[in-house]
Amino acid sequence: MGCVVSLVSKYSVCPEGRCPVKSKWRPWSRVGCRVSGCSYSVRVSPQMANRIVDSARSILNKLIPDIYIYTDHMKGVNSGKSPGFGLSLVAETTNGTFLSAELASNPQGQGAAVLPEDLGRDCARLLLEEVYRGGCVDSTNQSLALLLMTLGQQDVSKVLLGPLSPYTIEFLRHLKSFFQIMFKIETKPCGEELKGGDKVLMTCVGIGFSNLSKTLK
């Protein structure tokens with residue numbers, strides 16, 4: 001199994017933060033914990049990131065001891081122009097599925113101020129909600145998985161998702177409008193094999209979209 005390793009060289013947050021395709025997709029099928037993450041702070045005290053980690057652990061350690069949350073503090077040219085902080089969490093299930101949750105502080109001058117402790121606890125609860133929902137993709141990335149299935153080769157692709165989010169339902173309508181493609185939707189009630197919330201098995205035949213970078217003449 002291949003993997004992707006990325007190195008984060010900059011962090012920046014709204015409103016003044018700035019951070020500097022594949023041509024063919026193969027059909028894929030995945031039907032089916034360790035928690036890791038990164039707490040980051042930008043142009044604020046480095047202790048903000050530590051406070052986020054402590055509050056997130058206060059929720060997660062009640063359920064699982066295998067937790068690795070790192071801290072990353074950026075300043076100067078690597079931090080943009082706006083202060084802020086946030087937390088990204090990823091849960092790896094026993095069958096190799098990755099589910100994620102992420103929260104960030106409100107942009108400077110917008111909304112109420114957020115305490116690092118509240119942000120850490122809320123992000124941990126969001127991750128637990130994603131684990132309960134289950135599926136092979138978290139609710140934030142359901143639409144991305146369905147898009148890749150749509151653009152895939154003209155073969156059957158399947159993915160098992162948790163309950164569809166309102167955004168995903170609307171996205172399915174857009175896929176039908178733009179690509180004239182419809183998914184077969186099968187409900188999989190939770191039971192001995194499927195824990196947590198009810199699951200949805202999504203099936204489609206890709207349109208064979210390719211040559212995304214080909215120059216038109």
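Which residue in strand 3 does Cys-38 stand opposite? That residue is Tyr-70. Please keep in mind that this is a predicted model.

- Four strands make up an open sheet, ordered 3-2-4-5, and their pairing is mixed.
- At the edges sit strand 3 (67–74) and strand 5 (98–104), each of which pairs on one side only.
- From one strand to the next, the twist averages 15°.
- Strand 2 (residues 34–42) and strand 3 run parallel and are joined by 8 bridges.
- Across these two strands, Cys-38 stands opposite Tyr-70.

**Helices packed on the sheet**

- Helix 1 (residues 47–60) packs on the sheet, where it touches strand 2, strand 3 and strand 4 (84–92).
- The direction of helix 1 makes about 165° with that of strand 3.
- Helix 2 (residues 116–133) also packs on the sheet, and its contacts are with strand 2, strand 4 and strand 5.
- Between the direction of helix 2 and that of strand 5, the angle is about 155°.

**Helix 4 and its two sides**

- Helix 4 covers residues 166–179, which makes 14 residues.
- From first C-alpha to last, helix 4 reaches 20 Å, close to the 20 Å expected at 1.5 Å a residue.
- Its buried residues are Thr-168, Phe-171, Leu-172 and Leu-175.
- Looking down the axis of helix 4, you will find these buried residues within an arc of 110°, so they line one face of the helix.
- What do the buried residues of helix 4 pack against? Their partners are helix 3 (142–151) and strand 8 (199–205).
- On the face of helix 4 turned away from the buried side, you will find the exposed residues Pro-166 and Ser-177.
- Just after helix 4 comes Gln-180, which takes a positive phi of about 50°.

**A glutamine in helix 3**

- Gln-142 is part of helix 3.
- Is Gln-142 buried or exposed? Gln-142 counts as buried because its relative accessibility is 1%, and the cut-off for buried is under 20%.
- Leaving aside residues up to four places away in sequence, Gln-142 touches Arg-133, Val-137, Leu-161, Gly-162, Pro-163, Leu-164, Ser-165 and Thr-168.
- Among those contacts is Thr-168, one of the buried residues of helix 4.

Note on methods. Residues are numbered from 1 along each chain as its sequence is written. This is a predicted model: local features need pLDDT of at least 70, side-chain atom pairs count only at pLDDT 80 or more; totals for chains, interfaces and linings use all residues. Side-chain values use heavy atoms; hydrogens and water are left out. The expected span of a helix is 1.5 Å times one less than its number of residues. Buried means under 20% relative accessible area, exposed over 50%, partly exposed in between (1.4 Å probe, protein chains only). The arc is that of the directions from the helix axis to the C-beta atoms. Contact means heavy atoms within 4.5 Å. Two strands pair if DSSP finds at least two bridges between them. Axes are lines fitted to C-alpha atoms, for helices over the stretch in contact, and angles run from 0 to 180 degrees between N-to-C directions.
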